[in-house]
Amino acid sequence: SFPTLDRDEKTGVLIVGGGMVGILTAYMLERAGADYLLIEANRICSGVTAGTTAKITSQHGLIYNKLFDIHGAEYAYKYWQANEAALEEYRRLCSIIECGFEEKSKGRSTEQEKGLGIGMMNIFAEIGKLLTLEPSDDAVQTKVDELRAYITEHFYNCTPEIFFSLGQMYAGGGSMTENIDKAGGKGTAEFVSKAICAYCGK
């Protein structure tokens, strides 16, 4: 428990709310040596934080889809990078703070997750063998349909809207584009992106 604030206080930064966001903000300010004060009306972590599933993830499918539509692939990719960096910081923090943190992968082991990633790269490799064809060619579209079915079966429901957005991300640059090109050869990511556009009727 903490004492009730019954006096005036002066601070450089006032944090209103003692949930996960407020506490993390206070932690970062403490590390930076900043002058701050955190206030909470009730109990620590009794508001929005108490009502969450306590899941920390970068897999925000619908959010990525919206970002693609409004701001484009590069912006969505930067959002993903920021979330991945935040996940890594959570891992670091939880390694030095006892808080019951566990990593989960939809009930799959790390090896199973790795295997699924390899399976997806294999599909990109197969598409890479078809680069001499048009993206709309039946043989290419068959592989694209296989890719979408693979994502739906192993990760999440890959709707046409989400699939189109993924295609934009594949060709958006960065590590994702590099990994796809590594699997299927230079230009595979761009080719897959165009093939997905054709598949989605864009």
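Colleague: What makes the largest nonpolar core a core?

Modeller: A nonpolar core is a set of buried Ala, Val, Leu, Ile, Met, Phe, Trp, Tyr and Cys residues joined through side-chain atoms within 4.5 Å. Buried means under 20% relative accessible area, exposed over 50%, partly exposed in between (1.4 Å probe, protein chains only). The largest such set here has 25 residues. L147, I151, F163, Y170 and I196 have the most contacts inside it.

Colleague: Which elements give two or more residues to this core?

Modeller: Four helices are named: α4 (110-128), α5 (138-154), α6 (160-170) and α8 (188-199). Helix α8 gives the most, with 6 residues. Helices (H or I, at least four residues) and strands (E, at least two) are DSSP runs, numbered from the N terminus.

Colleague: What kind of model is this?

Modeller: It is a predicted model, where local features need pLDDT of at least 70, side-chain atom pairs count only at pLDDT 80 or more, and totals for chains, interfaces and linings use all residues. Residues are numbered from 1 along each chain as its sequence is written, and side-chain values use heavy atoms, with hydrogens and water left out.

Colleague: Which residues does Y170 touch?

Modeller: Contact means heavy atoms within 4.5 Å. Leaving out residues up to four places away in sequence, Y170 touches M120, F124, L147, I151, M176, T177, I180, A189, V192 and I196. A second, separate core has 6 residues, including Y64, L67, F68 and A73.

Colleague: Why is N83 called buried?

Modeller: N83 has 15% relative accessibility, so N83 counts as buried. N83 sits in helix α3 (residues 73-96). Beyond its neighbours within four places in sequence, N83 contacts T57, S58, H60 and Y64.

Colleague: And G184, buried or exposed?

Modeller: The value for G184 is 15%, so G184 counts as buried. Its place is in helix α7 (residues 174-184). Apart from neighbours within four places in sequence, G184 is in contact with F124, A125, G128 and L131.

Colleague: Why does G12 count as exposed?

Modeller: G12 has 59% relative accessibility, so it counts as exposed. G12 lies in the segment before β1 (13-16). Its C-alpha is 14 Å from that of M28, 16 residues apart along the chain.

Colleague: Why is the chain called more spread out than a compact globule?

Modeller: First, the make-up. The chain has 8 helices and 2 strands. In order from the N terminus they run β-α-β-α-α-α-α-α-α-α. Its radius of gyration is 22 Å, well over the 17 Å that the globule rule gives for 202 residues, so the chain is more spread out than a compact globule. The radius is taken over C-alpha atoms, and the rule is 2.2 Å times the number of residues to the power 0.38. The C-alpha trace spans about 75 × 35 × 30 Å along its principal axes. Buried residues make up 28% of the 202 residues.

Colleague: How many nonpolar, polar and charged residues are in the lining of the second largest pocket?

Modeller: That lining divides into 9 nonpolar, 4 polar and 6 charged residues. Ala, Val, Leu, Ile, Met, Phe, Trp, Tyr, Cys and Pro count as nonpolar, Asp, Glu, Lys and Arg as charged, and the others, Gly among them, as polar.
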